[in-house]
Amino acid sequence: MTGPKTGPTSVPVPVVLAGARGHGRWHVANIRRLQAEGLVRLAGVCEITPLTEEEFGGELPEQSADLGALLDSTGARIAVICTPIPTHADLALTAAARGVHLLLEKPPAPSYAEFGRMADGMAEAGVACQIGFQSLGSHAVPAIRELIADGAIGELTGIGGAGAWAREESYFRRAPWAGRRRLNGADVIDGALTNPLAHAVATALALGGTTAADDVTGIETELLHANDIEADDTSCVRITTARGHRVTVAATLCAERPDDPYVVVHGSRGRITFWYKQDRVLLQRAGHGPEEYVHGRTDLLENLVAHLTTGAALLVPPAATGAFMRVVEEIRRAPDPAPLPDTAWRRVPGEDRRVVPGVDALVAAAADTLALYSELGAPWARPAAPKEVSTR
């Protein structure tokens, strides 16, 4: 093992990608984009089963199943980790031990303990880490925070998040860890709120300034599944914050009519709706007509490169995801998600997916009222007692 790498970073920055299949294909395309701009150079790919040139879509860089060896041989300065959730901490620490900076896919870890172990190791190694919540790179986030601070919608009363998505049953068979809470004794926690719709949770928390672990004082969960999986595919969470407002996020992968997820900020004199995949904001307030804005976005890998080369502030350092990881931990500790009764879901003719009739409206109502499914009258919802969150 080589020691930590020191000295200034210049462009193009050599990058190794761990996990180039599945969602990793997005990272391949993004690295190629930044490579064309002269900012990075794809120096290596870490995959257990090597990619072919046909699969990669061009000439391959160096490949290895051993991330540490690949980082040593390529001299990479950044590692992009897009691997199964239970592998994040060990791979991140492998990179950190070599002084290699990180872009780590969300969720950063399957438990708060693993998150802490990883964050401590990276801090000790002195490496930078960006957590891959791409929505937090949207310029809409600081713009909405400014609107709240300026009192555009009056006093902040709460924040809701809604994610009504659809996933085929094959989605839960795409990998051994998919749809699992645990695998071979290790935590996975691959549920709707912690993985596919994790951006809704992280964005809702961030807009209200609830980012650090100590900003969370209580969490309530309702976790259920229509598909034949361990984890949740239809769930909601309500978070009580140290700032005195509540954040409720409802999610499903069994929507009747899937739509873009959004976050809505409620105020005493108006509301702000943020469709975070579109960077689109709708401001509605007393005494004014509706105002709509579309914002730009800073790519998180590009921001990490700027941090290393010019000293730009990181947009999503680990500390900014502490509150999100408190939610992950509470979902991990909650009773296993309850299966929905057979009468609560149906298969879509001609499609390989299950839907929960009426769930689209429930998801929207939860974001609008900050209520949980059980409080909205869903006959299949199982209320869970609220838990105070220890921040010690």
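Everything here comes from a predicted model, where local features need pLDDT of at least 70, side-chain atom pairs count only at pLDDT 80 or more, and totals for chains, interfaces and linings use all residues. Residues are numbered from 1 along each chain as its sequence is written, and side-chain values use heavy atoms, with hydrogens and water left out.

**View 1. Helix H3 and its buried side.** H3 spans residues 67-74; helices (H or I, at least four residues) and strands (E, at least two) are DSSP runs, numbered from the N terminus. Its buried residues are Leu-67, Gly-68, Leu-70, Leu-71 and Thr-74, where buried means under 20% relative accessible area, exposed over 50%, and partly exposed in between (1.4 Å probe, protein chains only). They sit on the same side of H3 because they cover an arc of only 165° around the axis, taken from the directions from the helix axis to the C-beta atoms. An α-helix has 3.6 residues a turn, so residues three or four places apart point the same way. The buried residues pack against strands S1 (13-18), S2 (40-46), S3 (62-64) and S4 (78-81), plus helix H4 (88-96); contact here means heavy atoms within 4.5 Å.

**View 2. The two ends of H3.** At the N-terminal end, Asp-66 does the capping, with a side-chain oxygen 3.1 Å from the backbone nitrogen of Gly-68. Just past the helix, Gly-75 takes a positive phi of about 70°.

**View 3. Asn-195, tucked into a loop.** Asn-195 lies between strand S9 (186-187) and helix H7 (198-207), and counts as buried because its relative accessibility is 8%. Its side chain makes a polar contact of 2.7 Å with the side chain of Asp-190. (A polar contact is a pair of N or O atoms within 3.5 Å; within protein, one must be able to donate a hydrogen and the other to accept it, and residues adjacent in sequence count only if both atoms are side-chain atoms.) Leaving aside neighbours within four places in sequence, the contacts of Asn-195 include Lys-106, Arg-174 and Trp-177.

**View 4. Asp-187 and its arginines.** Strand S9 holds Asp-187, whose side chain is joined to that of Arg-332 by a polar contact of 3.3 Å. Beyond four places in sequence, Asp-187 is also in contact with residues including Arg-181, Arg-182 and Pro-110.

**View 5. Ala-319, out in the open.** This residue belongs to the loop between helix H8 (300-310) and helix H9 (322-333). Ala-319 counts as exposed because its relative accessibility is 60%. Not counting residues up to four places away in sequence, Ala-319 touches Thr-211 and Ala-212.

View 6. The whole structure has 0 disulfides, a disulfide being a pair of cysteine sulfur atoms within 2.5 Å. As for the opening question, the sulfur of Cys-254 is 14 Å from the closest cysteine sulfur, in Cys-236, so it is too far for a bond. Cys-254 is buried, at 0% relative accessible area. For Cys-129, the closest cysteine sulfur is in Cys-82, 14 Å away and again too far for a bond. Cys-129 is buried too, with a relative accessible area of 4%.
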